[in-house]
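Student: Hey, could you walk me through this structure? I'd like to go piece by piece.

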Amino acid sequence: MTRRALITGITGQDGAYLARLLLGKGYDVVGGSRPSPARDLWRLRAVGIDRDVRIADLELLDSSNILSVIERERPHEIYNLAAQSVVHSSFRTPVLTGDADALGAARILEAIRKVDSSIRFYQASTSEMFGDTDESPQSETSAFCPRSPYGVAKLYAHWMTVNFRNADGLFACSGILFNHESPLRGREFVTRKITHGLAAIALGQCDCIELGNLDARRDWGFAADYVEGMWKMLQGKAPQDYVLATGRSHSVRNFCEAAATAVDLDLVWQGAGIDEKGIDSRTGRTIIRVSSDFYRPTERQPLVGNAAKAGRELGWRSTMSFPELVRTMAEADLKLARR
Ligand code: G4F
């Protein structure tokens, strides 16, 4: 029997990679996406599957809409990837972020319980839930201490996933994913902002990019690896929660340096703090400035994950190294800018 999967947020980076993976495994894929006359399917086109998935209007703020989509489509698996996922924006829109990211997951879980409790559920949880935790690296047993409205909302959704599993016996898994990037990443996130910006600078299309905290550290892996982990979680014998991460952290500064090398810019740093600048040593031009606009109100602990449990129980591991990831993204952006 063909298995059917419903992916909320199918138009995002992870939605596109997951849909491609599931189609390759013979699934019938339905993509949930917010009703919009200007729906942009560029990522689905980029991975060559825009004609192979059905799109259903799905609004995380509307319980009756969620219920009717699940009743109509009768998926075997639901991957809840839809969210207001920009951490920085969540400080300005905490209520909307909570409604979509926290209650949105609860609405889906509630609909599963009503329609068919055998539907397997994946919740896209995040390393942002760890926030200011005092343990490093972070694993499934580390304390949660979110430092953003986004992290708080995601933590509610995480605990609801655990609770529906324990109280109602749902096969519900929470994947606690550290940052995962690719050429399909949105430009509001720092990695793609850097590769897109430096590629444009290298081709003379732009002068300079502005960044926030250059010393912020993240555990960056390749998104296509991480969707494989999502699928593996729902194929397990018993529902569990898993951290997916590379186990290595790098700073925003490291990312800039690797991206500059990949687009053939010779980046050197001058100054300190808010006055620090990245200079192209060949031309002497400033190509990176620091701006307080991109600093987070709260950010302390460098986030780095321990994915040993996923390795042991799911056979999952991240396959792409940091230099390879940066190079892949930078080369894709050079190609795009040349077009
Ligand atoms: O790329 P970012 O915006 O990603 P962030 O906040 O870590 O969140 C991403 O990963 C999470 C874990 O998977 C997801 F849950 C979440 O939805 C999202 O996908 O920022 C990364 C780091 C931060 O420390 C930030 O302070 O980069 C620092 N940064 C420095 N300058 C910047 C900038 N971030 C952005 N977006 N823009 C800057 O100019």
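**A chat about the fold**

Tutor: Helices (H or I, at least four residues) and strands (E, at least two) are DSSP runs, numbered from the N terminus. The model is predicted, with local features needing pLDDT of at least 70 and side-chain atom pairs counting only at pLDDT 80 or more, while totals for chains, interfaces and linings use all residues. Residues are numbered from 1 along each chain as its sequence is written, and side-chain values use heavy atoms, leaving out hydrogens and water.

Student: OK, what kind of peptide bond joins S136 and P137?

Tutor: A cis one, with omega at about -5 degrees.

Student: And where is E128?

Tutor: E128 is in the loop between β5 (120-126) and α6 (149-168).

Student: Is E128 buried or exposed?

Tutor: E128 counts as buried because its relative accessibility is 11%. Buried means under 20% relative accessible area, exposed over 50%, and partly exposed in between (1.4 Å probe, protein chains only).

Student: Which residues does E128 touch?

Tutor: Leaving out residues up to four places away in sequence, E128 touches V87, P146, R147, S148, Y150, G151, R218 and L303. Contact here means heavy atoms within 4.5 Å. Also, E128 and L177 are 49 residues apart in sequence, and their C-alpha atoms are 8.9 Å apart in space.

Student: New topic: how is the chain divided into domains?

Tutor: There's domain 1 (4-182 + 221-248 + 303-320) and domain 2 (190-216 + 251-301 + 325-338). Those bounds come from an automatic or database domain assignment. Taken over C-alpha atoms, the domain centres are separated by 29 Å.

Student: How many residues are in contact between domain 1 and domain 2?

Tutor: 17 residues of domain 1 are in contact with 13 residues of domain 2.

Student: Where does the second largest pocket lie?

Tutor: It lies between domain 1 and domain 2, because both give residues to its lining. On a 1 Å grid over the protein atoms alone, a pocket is an open set of points with protein on both sides within 12 Å along at least five of seven lines, and lining residues have an atom within 4 Å of a point. This pocket has a volume of about 430 Å³, the volume being the space filled by probe spheres set on the points.

Student: What lines the second largest pocket?

Tutor: 17 residues do, and A46, P183, L184, A332 and L336 lie nearest its centre. The largest share, 6 residues, comes from α11. The lining divides into 9 nonpolar, 1 polar and 7 charged residues. Ala, Val, Leu, Ile, Met, Phe, Trp, Tyr, Cys and Pro count as nonpolar, Asp, Glu, Lys and Arg as charged, and the others, Gly among them, as polar.

Student: Which residues of α9 are buried?

Tutor: In α9 (residues 252-262), V252, R253, F255, C256, A259 and A260 are buried. Seen down the axis of α9, the buried residues fall within an arc of 155 degrees, so they line one face of the helix. That arc is of the directions from the helix axis to the C-beta atoms. What covers these buried residues includes α7 (190-202), β15 (285-290) and α11.

Definitions and conventions:
On a 1 Å grid over the protein atoms alone, a cavity is a set of points where a 1.4 Å probe fits but cannot get out, and a pocket is an open set with protein on both sides within 12 Å along at least five of seven lines; lining residues have an atom within 4 Å of a point.
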